[in-house]
Amino acid sequence: MSTYEEEHGTHENNDAATERRDARSQFQTLFQSIENPQSDNYLIELFASMIISPELQEEWLNSGDSKGNKGCPQEFIDSLPRIPAEQIPLKEPCPICYEKFGDDEYPLVAELPHCHHKFDLQCISLWLSKQNTCPLCRDAVNEKNFDDIDVSKAELEEDWGMYG
Amino acid sequence: MNNSRLLKEWKQLIKSGNKYNITPITDEDLTHWQCILQGPNKSLYQGFNFTLKILIPIDYPMSPPQVKFIPNTMPHPNVDWNTGVLCLDVLKNMWSPIFNLQYIVECVIRLLNEPNGDSPLNLELGTLLRLGDHSGYNGLIKYYLHHHQSHHGDANIII
(Lines give C-alpha, C1' and ligand atoms only; values in the text may rest on other atoms or scores of the structure.)
Protein backbone atom coordinates (compact mmCIF):
# COMPACT_ATOMS: atom_id res chain seq x y z
CA MET A 1 0.00 0.00 0.00
CA SER A 2 1.34 3.41 -0.92
CA THR A 3 1.75 6.10 1.68
CA TYR A 4 0.01 9.45 1.77
CA GLU A 5 3.16 11.16 0.59
CA GLU A 6 3.56 8.89 -2.41
CA GLU A 7 -0.07 9.26 -3.47
CA HIS A 8 0.07 13.01 -3.28
CA GLY A 9 3.53 13.34 -4.68
CA THR A 10 4.78 15.28 -1.67
CA HIS A 11 7.83 14.79 0.46
CA GLU A 12 7.72 16.01 3.96
CA ASN A 13 10.97 16.89 5.62
CA ASN A 14 12.18 14.82 8.52
CA ASP A 15 11.56 17.43 11.18
CA ALA A 16 7.90 17.75 10.35
CA ALA A 17 7.55 14.00 10.24
CA THR A 18 9.11 13.57 13.68
CA GLU A 19 6.97 16.34 15.06
CA ARG A 20 3.84 14.70 13.71
CA ARG A 21 4.85 11.34 15.13
CA ASP A 22 5.41 12.94 18.52
CA ALA A 23 2.04 14.62 18.46
CA ARG A 24 0.42 11.35 17.41
CA SER A 25 1.95 9.45 20.31
CA GLN A 26 0.90 12.20 22.69
CA PHE A 27 -2.67 11.93 21.53
CA GLN A 28 -2.49 8.18 21.86
CA THR A 29 -1.44 8.55 25.48
CA LEU A 30 -4.23 11.01 25.95
CA PHE A 31 -6.91 8.68 24.62
CA GLN A 32 -5.54 5.77 26.59
CA SER A 33 -5.78 7.87 29.70
CA ILE A 34 -9.44 8.62 28.95
CA GLU A 35 -10.17 4.89 29.09
CA ASN A 36 -8.30 4.63 32.33
CA PRO A 37 -10.43 6.47 34.89
CA GLN A 38 -7.63 6.69 37.43
CA SER A 39 -5.74 9.22 35.36
CA ASP A 40 -8.72 11.53 34.91
CA ASN A 41 -6.92 14.16 36.91
CA TYR A 42 -4.06 14.18 34.48
CA LEU A 43 -6.43 14.96 31.65
CA ILE A 44 -8.14 17.71 33.59
CA GLU A 45 -4.79 19.21 34.53
CA LEU A 46 -3.67 19.08 30.94
CA PHE A 47 -6.73 20.92 29.71
CA ALA A 48 -6.58 23.35 32.60
CA SER A 49 -3.03 24.22 31.61
CA MET A 50 -4.32 25.16 28.15
CA ILE A 51 -6.78 27.70 29.49
CA ILE A 52 -5.38 31.20 29.29
CA SER A 53 -5.11 32.96 32.63
CA PRO A 54 -7.14 36.17 33.12
CA GLU A 55 -3.92 38.17 33.48
CA LEU A 56 -2.65 36.94 30.14
CA GLN A 57 -5.99 37.64 28.49
CA GLU A 58 -5.87 41.17 29.81
CA GLU A 59 -2.31 41.55 28.62
CA TRP A 60 -3.30 40.46 25.12
CA LEU A 61 -6.24 42.81 25.15
CA ASN A 62 -4.03 45.68 26.24
CA SER A 63 -1.43 44.93 23.62
CA GLY A 64 -4.19 44.70 21.00
CA ASP A 65 -5.65 48.15 21.48
CA SER A 66 -2.26 49.78 21.35
CA LYS A 67 -2.18 49.14 17.59
CA GLY A 68 0.75 46.79 17.71
CA ASN A 69 4.22 47.82 18.69
CA LYS A 70 4.62 51.28 20.18
CA GLY A 71 8.39 51.08 20.03
CA CYS A 72 10.74 53.21 17.99
CA PRO A 73 12.09 52.06 14.65
CA GLN A 74 15.45 50.34 14.93
CA GLU A 75 17.10 53.03 12.77
CA PHE A 76 16.12 55.63 15.33
CA ILE A 77 17.55 53.59 18.19
CA ASP A 78 20.77 53.00 16.23
CA SER A 79 21.10 56.72 15.56
CA LEU A 80 20.79 57.85 19.21
CA PRO A 81 23.60 60.28 19.97
CA ARG A 82 26.25 58.79 22.27
CA ILE A 83 28.08 60.81 24.83
CA PRO A 84 31.81 61.05 24.19
CA ALA A 85 33.75 58.92 26.67
CA GLU A 86 35.40 61.88 28.42
CA GLN A 87 32.02 63.57 29.02
CA ILE A 88 30.26 60.60 30.63
CA PRO A 89 29.27 61.38 34.25
CA LEU A 90 30.89 58.26 35.69
CA LYS A 91 29.42 58.62 39.17
CA GLU A 92 25.84 58.96 37.98
CA PRO A 93 23.75 55.79 37.82
CA CYS A 94 21.76 54.73 34.79
CA PRO A 95 18.13 55.39 35.78
CA ILE A 96 17.09 52.03 34.35
CA CYS A 97 19.57 49.47 35.71
CA TYR A 98 20.79 51.60 38.66
CA GLU A 99 24.44 50.78 37.82
CA LYS A 100 26.85 53.70 37.82
CA PHE A 101 27.99 54.57 34.31
CA GLY A 102 31.56 54.31 35.58
CA ASP A 103 31.07 50.74 36.83
CA ASP A 104 31.28 49.61 33.23
CA GLU A 105 34.84 49.42 31.97
CA TYR A 106 33.79 50.74 28.58
CA PRO A 107 30.56 52.63 29.23
CA LEU A 108 28.29 53.37 26.29
CA VAL A 109 25.91 56.15 27.26
CA ALA A 110 23.19 57.51 25.02
CA GLU A 111 21.45 60.85 25.33
CA LEU A 112 17.89 61.27 24.12
CA PRO A 113 17.85 64.04 21.50
CA HIS A 114 14.57 65.56 22.67
CA CYS A 115 15.09 65.87 26.46
CA HIS A 116 18.82 65.13 26.91
CA HIS A 117 18.23 62.44 29.52
CA LYS A 118 21.09 59.96 29.72
CA PHE A 119 20.93 56.17 29.91
CA ASP A 120 23.09 53.13 29.28
CA LEU A 121 22.83 52.59 25.56
CA GLN A 122 21.85 48.97 26.12
CA CYS A 123 19.12 49.81 28.63
CA ILE A 124 17.51 52.60 26.63
CA SER A 125 17.69 50.60 23.40
CA LEU A 126 15.74 47.79 25.03
CA TRP A 127 13.10 50.19 26.35
CA LEU A 128 12.73 52.18 23.13
CA SER A 129 12.19 48.98 21.17
CA LYS A 130 9.00 48.58 23.28
CA GLN A 131 7.90 52.17 23.92
CA ASN A 132 8.72 55.49 22.31
CA THR A 133 8.72 57.53 25.52
CA CYS A 134 11.56 58.77 27.70
CA PRO A 135 11.49 56.76 30.95
CA LEU A 136 12.15 59.93 32.95
CA CYS A 137 9.91 62.58 31.40
CA ARG A 138 7.56 60.47 29.24
CA ASP A 139 8.04 62.72 26.24
CA ALA A 140 7.69 60.89 22.96
CA VAL A 141 11.29 60.68 21.88
CA ASN A 142 10.82 60.32 18.14
CA GLU A 143 7.79 62.42 17.33
CA LYS A 144 9.06 65.95 16.95
CA ASN A 145 12.71 65.59 16.28
CA PHE A 146 12.83 62.46 14.24
CA ASP A 147 13.60 64.31 11.03
CA ASP A 148 16.30 66.39 12.65
CA ILE A 149 18.36 63.40 13.62
CA ASP A 150 21.18 62.67 11.30
CA VAL A 151 20.59 59.06 10.35
CA SER A 152 23.63 59.04 8.09
CA LYS A 153 25.78 59.01 11.23
CA ALA A 154 24.50 55.57 12.12
CA GLU A 155 25.55 54.25 8.73
CA LEU A 156 28.89 55.95 9.10
CA GLU A 157 29.40 54.15 12.37
CA GLU A 158 28.51 50.84 10.83
CA ASP A 159 31.18 51.46 8.21
CA TRP A 160 33.65 52.20 10.94
CA GLY A 161 32.82 48.86 12.47
CA MET A 162 33.37 47.12 9.16
CA TYR A 163 36.69 48.63 8.32
CA GLY A 164 38.06 49.53 11.70
CA MET B 1 20.22 42.54 34.16
CA ASN B 2 17.02 41.40 35.76
CA ASN B 3 18.66 39.86 38.80
CA SER B 4 21.37 42.43 39.42
CA ARG B 5 18.84 45.24 39.36
CA LEU B 6 16.60 43.39 41.83
CA LEU B 7 19.60 42.61 44.01
CA LYS B 8 20.39 46.33 44.03
CA GLU B 9 16.80 47.12 45.02
CA TRP B 10 16.91 44.52 47.79
CA LYS B 11 20.17 45.89 49.19
CA GLN B 12 18.80 49.42 49.02
CA LEU B 13 15.61 48.37 50.81
CA ILE B 14 17.60 46.80 53.64
CA LYS B 15 19.85 49.84 53.86
CA SER B 16 16.95 52.29 54.01
CA GLY B 17 15.11 50.37 56.74
CA ASN B 18 12.53 48.75 54.42
CA LYS B 19 9.60 50.53 56.03
CA TYR B 20 7.03 48.73 53.87
CA ASN B 21 8.40 45.23 54.62
CA ILE B 22 9.01 44.40 50.97
CA THR B 23 10.78 41.03 50.97
CA PRO B 24 11.57 38.31 48.48
CA ILE B 25 9.74 35.07 49.31
CA THR B 26 12.36 32.88 47.67
CA ASP B 27 16.04 33.44 48.34
CA GLU B 28 17.52 31.73 45.30
CA ASP B 29 15.71 33.88 42.75
CA LEU B 30 14.17 37.27 43.31
CA THR B 31 11.04 36.69 41.23
CA HIS B 32 8.46 36.35 44.01
CA TRP B 33 8.11 39.10 46.58
CA GLN B 34 5.59 40.08 49.16
CA CYS B 35 4.85 43.15 51.17
CA ILE B 36 2.97 43.40 54.44
CA LEU B 37 1.15 46.66 54.03
CA GLN B 38 -0.20 48.50 57.03
CA GLY B 39 -3.49 50.24 56.42
CA PRO B 40 -2.66 53.96 56.10
CA ASN B 41 -3.34 56.13 59.14
CA LYS B 42 -6.62 58.05 59.10
CA SER B 43 -7.94 55.77 56.38
CA LEU B 44 -10.68 53.16 56.73
CA TYR B 45 -7.93 50.57 56.52
CA GLN B 46 -6.03 51.77 59.60
CA GLY B 47 -5.36 48.96 62.06
CA PHE B 48 -5.46 46.26 59.41
CA ASN B 49 -2.57 44.60 57.61
CA PHE B 50 -2.73 43.52 54.00
CA THR B 51 -0.41 41.24 52.06
CA LEU B 52 0.62 42.27 48.56
CA LYS B 53 1.99 39.56 46.26
CA ILE B 54 4.53 40.78 43.71
CA LEU B 55 5.58 38.69 40.72
CA ILE B 56 8.58 39.88 38.69
CA PRO B 57 8.47 39.26 34.92
CA ILE B 58 11.52 37.96 33.06
CA ASP B 59 12.16 41.28 31.35
CA TYR B 60 11.81 43.45 34.48
CA PRO B 61 12.25 46.43 34.58
CA MET B 62 11.20 46.71 30.94
CA SER B 63 7.82 45.24 31.95
CA PRO B 64 6.03 46.05 35.21
CA PRO B 65 5.69 43.47 37.99
CA GLN B 66 2.32 41.82 38.59
CA VAL B 67 0.96 43.05 41.88
CA LYS B 68 -2.11 41.80 43.71
CA PHE B 69 -3.60 41.51 47.14
CA ILE B 70 -4.42 38.13 48.62
CA PRO B 71 -7.96 37.34 47.37
CA ASN B 72 -10.86 38.38 49.62
CA THR B 73 -8.82 40.70 51.80
CA MET B 74 -8.98 44.16 50.23
CA PRO B 75 -12.30 46.01 49.94
CA HIS B 76 -11.52 48.88 47.58
CA PRO B 77 -13.20 50.24 44.42
CA ASN B 78 -10.10 49.57 42.32
CA VAL B 79 -9.37 46.09 43.67
CA ASP B 80 -11.20 42.96 42.53
CA TRP B 81 -12.40 41.46 45.79
CA ASN B 82 -12.33 37.85 44.60
CA THR B 83 -8.94 37.86 42.91
CA GLY B 84 -7.08 40.68 44.64
CA VAL B 85 -6.10 42.14 41.25
CA LEU B 86 -5.75 45.90 41.37
CA CYS B 87 -6.16 48.56 38.73
CA LEU B 88 -3.21 50.93 38.82
CA ASP B 89 -2.02 52.90 35.81
CA VAL B 90 1.68 52.74 36.75
CA LEU B 91 1.45 48.96 36.57
CA LYS B 92 0.00 49.16 33.07
CA ASN B 93 0.30 51.84 30.42
CA MET B 94 2.11 54.33 32.68
CA TRP B 95 4.91 51.93 33.61
CA SER B 96 8.46 53.22 33.31
CA PRO B 97 11.63 51.16 33.81
CA ILE B 98 12.92 53.72 36.30
CA PHE B 99 10.24 52.65 38.82
CA ASN B 100 11.14 50.16 41.53
CA LEU B 101 9.28 47.97 43.99
CA GLN B 102 9.22 50.59 46.74
CA TYR B 103 7.70 53.15 44.39
CA ILE B 104 5.00 50.68 43.36
CA VAL B 105 4.10 49.98 46.98
CA GLU B 106 3.90 53.73 47.58
CA CYS B 107 1.52 53.99 44.62
CA VAL B 108 -0.64 51.22 46.11
CA ILE B 109 -0.78 53.11 49.41
CA ARG B 110 -1.78 56.26 47.54
CA LEU B 111 -4.51 54.24 45.81
CA LEU B 112 -5.84 53.16 49.21
CA ASN B 113 -6.07 56.80 50.24
CA GLU B 114 -7.40 58.05 46.92
CA PRO B 115 -9.82 55.55 45.38
CA ASN B 116 -10.85 56.21 41.81
CA GLY B 117 -14.53 55.75 40.98
CA ASP B 118 -14.00 55.77 37.24
CA SER B 119 -12.39 52.38 36.76
CA PRO B 120 -13.92 50.16 39.43
CA LEU B 121 -13.02 46.50 39.79
CA ASN B 122 -15.33 46.32 42.80
CA LEU B 123 -18.60 47.50 41.27
CA GLU B 124 -20.52 47.94 44.55
CA LEU B 125 -17.88 50.18 46.09
CA GLY B 126 -17.26 51.97 42.80
CA THR B 127 -20.94 52.83 42.45
CA LEU B 128 -21.26 54.06 46.04
CA LEU B 129 -18.17 56.20 45.55
CA ARG B 130 -19.47 57.70 42.31
CA LEU B 131 -22.86 58.42 43.86
CA GLY B 132 -21.12 60.21 46.73
CA ASP B 133 -22.81 57.93 49.29
CA HIS B 134 -20.10 58.29 51.93
CA SER B 135 -21.88 56.52 54.75
CA GLY B 136 -22.81 53.62 52.48
CA TYR B 137 -19.27 53.46 51.11
CA ASN B 138 -17.57 53.62 54.49
CA GLY B 139 -20.06 51.20 56.00
CA LEU B 140 -19.54 48.59 53.29
CA ILE B 141 -15.75 48.76 53.58
CA LYS B 142 -15.98 48.39 57.35
CA TYR B 143 -18.35 45.47 56.91
CA TYR B 144 -15.94 43.73 54.54
CA LEU B 145 -12.98 44.37 56.83
CA HIS B 146 -14.61 43.23 60.02
CA HIS B 147 -16.22 40.16 58.56
CA HIS B 148 -13.22 38.92 56.69
CA GLN B 149 -10.35 40.08 58.82
CA SER B 150 -9.64 40.60 62.44
CA HIS B 151 -7.40 43.40 63.59
CA HIS B 152 -3.63 43.44 63.21
CA GLY B 153 -2.28 41.05 60.75
CA ASP B 154 -4.71 38.22 60.33
CA ALA B 155 -5.07 39.13 56.68
CA ASN B 156 -1.81 37.30 56.12
CA ILE B 157 -3.29 34.06 57.28
CA ILE B 158 -6.30 34.11 55.01
CA ILE B 159 -5.11 32.68 51.71
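Trainee: In what order do the four strands of the open sheet in chain B come?
Mentor: This is a predicted model, and in it the order is E1-E2-E3-E4 in chain B, with antiparallel pairing.

Trainee: Why is one side of E1 and of E4 left without a neighbour?
Mentor: Strand E1 (22-24) and strand E4 (66-69) of chain B stand at the edges and have a single partner strand each, so one side of each has no neighbour in the sheet.

Trainee: What is the twist from one strand to the next?
Mentor: The average is 25 degrees.

Trainee: Which helix packs on the sheet?
Mentor: Helix H2 (residues 101-113) of chain B, which touches E1, strand E2 (32-38), E3 and E4 of chain B. The direction of H2 makes about 40 degrees with that of E2(B).

Trainee: Back to the pairing. How many bridges join E2(B) to E3(B)?
Mentor: Seven, and the two strands run antiparallel. As one example, B:Cys35 has B:Leu52 in E3(B) as its bridge partner.

Trainee: And how many for E3 and E4 of chain B?
Mentor: Strand E3 (residues 49-55) of chain B pairs with E4(B) over four bridges, also in the antiparallel sense. B:Leu55 has B:Gln66 as its partner in E4(B), and B:Ile54 has B:Val67.

Trainee: New topic: how many residues does each chain put into the contact?
Mentor: Chain A gives 11 residues and chain B gives 10 residues. On the chain A side, the elements giving two or more residues are helix H4 (54-65) and helix H6 (121-128).

Trainee: What classes are the residues on that side of chain A?
Mentor: Eight are nonpolar, one is polar and two are charged.

Conventions. Residues numbered from 1 in each chain as written. Chains lettered and ligands numbered in written order. Predicted model: local features only at pLDDT ≥ 70, side-chain atom pairs only at ≥ 80, totals over all residues. Contact = placed C-beta atoms within 7 Å. Nonpolar A, V, L, I, M, F, W, Y, C, P; charged D, E, K, R; others polar. Pairing = 2+ DSSP bridges. Axes fitted to C-alpha atoms, helices over the stretch in contact; angles between N-to-C directions.
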